[in-house]
Amino acid sequence: MAQHIVSRQIYYRVFVTLLALTLLTIGIAFIGLGGYLNTIVAMTIAVGKALLVMLFFMHVRDSSRLTWVFVGVGFFWLALLLSLTMSDYLTRSWVAVTAW
Amino acid sequence: MPMVLRRCTLSERHAALAPHFDDIAQQSEASHLGMWVFLLTEIMFFGGMFTGYAVYRSVYAVAFAEGSHHLDLVLGSINTVVLISSSLTMVLAVHAAQVGQRQLLVGFLLLTMLLGLVFLGLKTVEYTHKFADHLVPGSGFLYAGPHARQVQLFFSFYFGMTGMHALHMIIGIGLLTVLVWLAWRNRFSPMYYTPIEIVGLYWHFVDIVWIFLFPLLYLIGRH
């Protein structure tokens with residue numbers, strides 16, 4: 001399909017950004033931020049990198065709206081899987097259960 | 001005025017266009033959506049493992065950090081860079097196909113394969129070290145300390161998740177081999193290069209899985 005051709009410059013820029021974010025995530029791992037903050041920051045960077053790969057390398061940015069719906073649905077289901085499961089496991093300690 | 005529907009004559013149809021599609025654009029869109037549906041099942045496949053990981057890490061946070069310290073951060077970091085580079089060469093292959101540069105296309109596809117093989121080679125080195133250190137779950141697992149059983153669980157996740165990821169890399173390299181062969185035989189043109197884009201989607205997806213695996217396995221409790 002003769003579709004929109006993205007300039008190679010954009011690919012190089014995305015690549016450099018991905019490398020910089022990799023260095024950042026390694027660097028931050030050696031600094032104690034306290035509590036869950038390290039994990040939250042690491043996952044935020046990972047989500048940012050994944051978005052860059054999807055939008056530019058996987059060409060989602062230039063894809064049809066139907067493709068956007070398909071991609072969105074995938075991550076919606078993943079969010080359901082993670083959030084419903086973890087809302088159980090992370091809150092179990094909130095209520096003291098003495099006997100089943 | 002009624003809209004005039006014009007049918008393509010046979011000579012106007014591209015050789016790669018299947019008879020049940022109106023034009024190349026529609027065929028390409030169908031291929032892309034089909035691939036995304038497959039990738040959604042892949043998201044859920046890896047998602048199950050990530051959820052299992054999240055549950056056990058929340059329960060055994062200390063042991064998971066302890067286990068993470070036994071992973072080779074240098075090799076893991078190099079592999080992250082290798083994989084991101086392979087994503088760049090993959091997207092440059094797609095670009096070469098779009099502008100009809102066959103030699104560049106073959107070159108970038110081969111480079112992507114090579115980087116994939118480098119990744120798997122380094123992974124093999126890491127796995128070998130784990131076997132030598134008795135850190136592979138099972139009867140050979142030897143670990144001193146109060147969290148031995150939980151650290152073994154961490155390594156079960158490590159081998160399960162990186163193993164599944166490596167299997168996807170091997171499949172990807174197989175797909176790339178087919179593409180190199182087809183590109184070499186001049187089967188693609190700026191009008192038709194859908195297989196390269198579709199394999200590209202797969203390759204980038206496998207890259208994204210590693211983008212999450214790397215901080216979750218290698219970078220916990222480093223401070």
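Is G34(B) buried, partly exposed or exposed? I looked it up: G34(B) is partly exposed, because its relative accessible area is 41%. The cut-offs I use are under 20% relative accessible area for buried, over 50% for exposed, and partly exposed in between, with a 1.4 Å probe and protein chains only.

**Ground rules**

I'm working with a predicted model, where local features need pLDDT of at least 70, side-chain atom pairs count only at pLDDT 80 or more, and totals for chains, interfaces and linings use all residues. Residues are numbered from 1 along each chain as its sequence is written, chains are lettered from A and ligands numbered from 1 in the order in which they are written, and side-chain values use heavy atoms, with hydrogens and water left out.

**Entry 1: chain A**

I started with the secondary structure and found 3 helices and 0 strands in chain A. Both kinds of element are DSSP runs numbered from the N terminus: helices are H or I with at least four residues, strands are E with at least two. Reading from the N terminus, I get α-α-α.

Next I looked at the overall shape. The C-alpha atoms of chain A fill a box of roughly 65 × 35 × 10 Å along the principal axes. Its radius of gyration is 19 Å, while a compact globule of 100 residues would be near 13 Å. That radius is taken over C-alpha atoms, and the globule rule is 2.2 Å times the number of residues to the power 0.38.

Of the 100 residues in chain A, 29% count as buried. I noted an accessible surface of about 6400 Å², with 72% of it belonging to carbon and sulfur atoms. Accessible areas come from the Shrake-Rupley method with a 1.4 Å probe, and for residues only the protein chains shown count as cover.

**Entry 2: two loops in chain A**

I went to Y36(A), which sits in the loop between α1 (8–29) and α2 (37–57). Y36(A) is exposed, at a relative accessible area of 63%. It also belongs to a nonpolar surface patch of about 590 Å², made with I31(A), L33(A), L37(A), I40(A) and L90(A). Patch residues have over 30% relative accessible area and no salt bridge; like charges are joined within 9 Å, and nonpolar side chains (Val, Leu, Ile, Met, Phe, Trp, Tyr) within 5 Å.

Then I checked H59(A), in the loop between α2 and α3 (65–89) of chain A. Its phi is near 60°, a positive value in a residue that isn't glycine. H59(A) counts as buried because its relative accessible area is 9%.

**Entry 3: chain B**

Chain B has 6 helices and 0 strands. Its C-alpha atoms fill a box of roughly 80 × 40 × 30 Å along the principal axes. For contacts in chain B between residues at least 6 apart in sequence, 80% join residues at least 24 apart. Contact means heavy atoms within 4.5 Å.

Back to G34(B), which lies in helix α1. From there to H70(B) is 36 residues in sequence and 40 Å in space, C-alpha to C-alpha.

Q27(B) is in helix α1 too, and it is buried at 9% relative accessibility. Leaving out residues up to four places away in sequence, Q27(B) touches A16(B), L17(B), A18(B), F21(B) and Y192(B).

I also stopped at N186(B), in the loop between α5 (148–184) and α6 (194–218). N186(B) has a positive phi of about 65° without being a glycine. At 52% relative accessibility, it counts as exposed.

**Entry 4: where the chains meet**

How many residues of chain B are in contact with chain A? I found 51 residues of chain B in contact with 49 residues of chain A. Together the chains bury about 4300 Å², 79% of it on carbon and sulfur atoms. W36(B), I84(B) and H223(B) supply 13% of the area chain B buries here, more than any other three residues. Buried area is the accessible area (1.4 Å probe) that two parts lose on being put together, summed over both.

I looked for salt bridges across this interface and the rule finds 0. That rule wants a side-chain nitrogen of Lys or Arg within 4 Å of a carboxyl oxygen of Asp or Glu.

Last stop was T51(B), in helix α1 (residues 24–59) of chain B. It touches L81(A), L82(A) and T85(A), not counting residues up to four places away in sequence. Why is T51(B) called buried? Because its relative accessibility is 5%.
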